[in-house]
Structure formats: C-alpha cells, structure tokens
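Look at the structure first, then read the points below.

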Amino acid sequence: MSKIKVLQIGPLSERFNRELAAEYEVSALWQQAEPLAFLREQGGQFRYMVSSARFGCTAEQLELLPNLRAICSFGVGHDPYPLELLRERGIAISTTPDVLNDCVADLAMGLIIDSARRLSASDRFVRSGAWADGQSFPLARRVSGKRLGIVGLGRIGEAVAQRAAGFAMPLRYHNRRAVEGSPYQHEPDLLALARWADFLVLTCPGGAATRNLIDAEVLEALGPDGFLINVARGSVVDEAALITALQNGVIAGAGLDVYQHEPQVPPALRELDNVVLLPHVGSASIETRQQMADLVLDNLRSFIASGKLLTSL
C-alpha cells in the first residue's frame, strides 16, 4: 500500500523529519533545485502540507497546489501565510498553540531580568577582564515591584502575567477588546499603557494589524526609564525607530527575541550595549520543541482520518 503524499516546505528537526518520512511519502521542497518548477510539474498531487512559522508558504506556491486541503504548521505564528487566500480556497491550517506558552513566558521574564539587571552586559564585563583590573560595573535597575504592561493578553501574555505575580509587579494590558473575566486592568490606549509601564512586553500576534504597532511615539511614551521586551514578532516593532530610541536614551533598554528580517539583525542593534539580543529561541527547549513536533503530526493524522484539525487556526 502506497504512502500518502505530503509536501514539506522547510526542514524541522531531524527527529521530526524522520518521523514524518516514516509515515508518509514526503517531498522536501527546500531540497528541490527549482522549487517552483517542481510544483508546476507535481503540485497537483499534494493534498497535505507541513510547514512552520519560519517558512510559511507563498501565494505563488499555493497557486501551484490546486488540490491542497490542509496545512499543518509548526509554531504559533501565522503571518507568513496568505490567510485570506487560504480562506477563499477552503484550505484548513493548524498551528501549535499552548504547548509553547510556558517556554516563551519564561524567556520573556528572563529578558525582563537581563535587560534591567544587565546580566549579559555584566557577563561580558567579567570576561573582558575589566573586573579583575579593578573596574566597577555600573548599577542596574530593580525588577521586583515595577509596573508591567503587556501588549496582547492571549495565552502567552497570561503566562507572563502569572510569572510577574511572583515579582509583585502591578500589571495592565492592551488589547483591542478587554478580556472577559481577566483580573488585570485593561488599558485601551496603547500610549497610556506605555507611559504607565516600566516594562512593555509584546506578546501579540504578527501580521498587518500589528505591523509597526510599536513606533517612535510609543517608545517616547515608554520613556528613558522604560524597557521594551519583544517575544512576539519582529514586524510589531518599527525597528529603525527602536534603534534610534536606544541610541539616544529615549528608552532605557530592550530585550529582543525577534526581528524584522530574521536571521539578519541590524549592525546598529548589535553594537548597542543596552539591548539583549536572542536568536528567536522563545520555544527552543528540548521538551517544548518535541511537543510542538508531536502536535504537528497529530494534526496531520487527524485531518487525514477525519477531515478535522485538532488546533485549527
């Protein structure tokens, strides 16, 4: 009995790639010498696609997949997918929510602490030999008791809020609509939230609705004692405005796990000492990545068996 054909847009972990290939006949698009030529010739045979928030898929690729029925995506980001086109064609799409909430929230708290207490900077100070030479590392800022503003109180935002409680941080959040039953104060005015907050944490979705949501005006409102923490999507922040704000002391600092043009990080950001830079590792723990991979496979199996996704977008 022949295996069901699956198109895989980009590589995931070696273990996932092996498990997918053990169950299905997988065509690895990234291994094709001419990916679009491959799809023009063979795209009609694929009903199922596996991709990720990193690779997504393009409208041009979808045009060459006339029989596609479902996309099972690794990660929670959906901005690399042409969602309107998917809806028009009735193509189902799943992501991997919930299983990564804790790891991303842990990382957000780590960036808060690192940015304020300057852990990475002090590590560089020790390694440089400056401490041994008798130099003193400058004072940093306290975290406990500081005001935390969350932009996007969804699953990950809620997880950040739970952790912030352990640091006795007063909390407010900004959403388009108030979260029913939430114990936290809703702030409908993003600028007002930025002016109030010591730390502004971004856990909102990417996409057109939030593109450059954090602009020069918001950064100015956050002010010279405020820190921006981004574990959402690079598109949410006007990166040029952020660089200017960090260079000129408009804000105190930033902690970033995401960027506008990953994996390219602007040299101006890399040269600054008041920003912590991570290589998009919010969900990058062994345990969480395996749970995400398992959920992709479970979604694919479910759709093939029943026509329904477990975690549809």
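A pocket here is an open set of grid points with protein on both sides within 12 Å along at least five of seven lines, and its lining residues have an atom within 4 Å of a point. The model is predicted. By that definition, the second largest pocket is lined by 19 residues. A search of the whole structure also finds 1 cavity of 30 Å³ or more, and 4 aromatic pairs.

**Second largest pocket**

- The volume of the second largest pocket is about 230 Å³.
- Nearest its centre lie Arg 118, Asp 273, Asn 274, Val 275 and Val 276.
- By class, the lining of the second largest pocket holds 10 nonpolar, 4 polar and 5 charged residues.

**Largest cavity**

- The largest cavity has a volume of about 50 Å³.
- Its lining is made up of Asn 230, Gly 234, Val 237, Glu 239, Leu 242, Leu 256, Val 258, Tyr 259 and Leu 269.
- That lining divides into 6 nonpolar, 2 polar and 1 charged residues.

**Aromatic pairs**

- The whole structure holds 4 aromatic pairs. Among them is Phe 38 with Phe 46, whose ring centres are 6.2 Å apart.
- The planes of Phe 38 and Phe 46 meet at 40 degrees, so this pair is tilted.
- Phe 38 has a relative accessible area of 10%, and Phe 46 has 0%. Buried means under 20%, so Phe 38 and Phe 46 both count as buried.
- Phe 199 and Phe 227 form a stacked pair, with 5.3 Å from centre to centre and 20 degrees between the planes.
- Phe 199 lies in strand 9 (residues 199–202) and Phe 227 in strand 10 (residues 227–230), so the pair ties together parts 28 residues apart in sequence.
- Phe 199 and Phe 227 are both buried.

**Charge over a ring**

- Which ring does the charged end of Arg 147 sit over? It is the ring of Trp 196.
- The charged end of Arg 147 is 5.9 Å from the centre of that ring.

Key:
Residues are numbered from 1 along each chain as its sequence is written. This is a predicted model: local features need pLDDT of at least 70, side-chain atom pairs count only at pLDDT 80 or more; totals for chains, interfaces and linings use all residues. Side-chain values use heavy atoms; hydrogens and water are left out. Rings of Phe, Tyr and Trp (its six-membered ring) pair if their centres lie within 6.5 Å; planes under 30 degrees apart count as stacked, over 60 as edge-to-face and the rest as tilted. Buried means under 20% relative accessible area, exposed over 50%, partly exposed in between (1.4 Å probe, protein chains only). Helices (H or I, at least four residues) and strands (E, at least two) are DSSP runs, numbered from the N terminus. A charge sits over a ring if NZ of Lys or CZ of Arg is within 6 Å of the ring centre and within 35 degrees of the ring normal. On a 1 Å grid over the protein atoms alone, a cavity is a set of points where a 1.4 Å probe fits but cannot get out, and a pocket is an open set with protein on both sides within 12 Å along at least five of seven lines; lining residues have an atom within 4 Å of a point. Grid points are joined across faces, edges and corners, and a volume is the space filled by probe spheres set on the points. Ala, Val, Leu, Ile, Met, Phe, Trp, Tyr, Cys and Pro count as nonpolar, Asp, Glu, Lys and Arg as charged, and the others, Gly among them, as polar.
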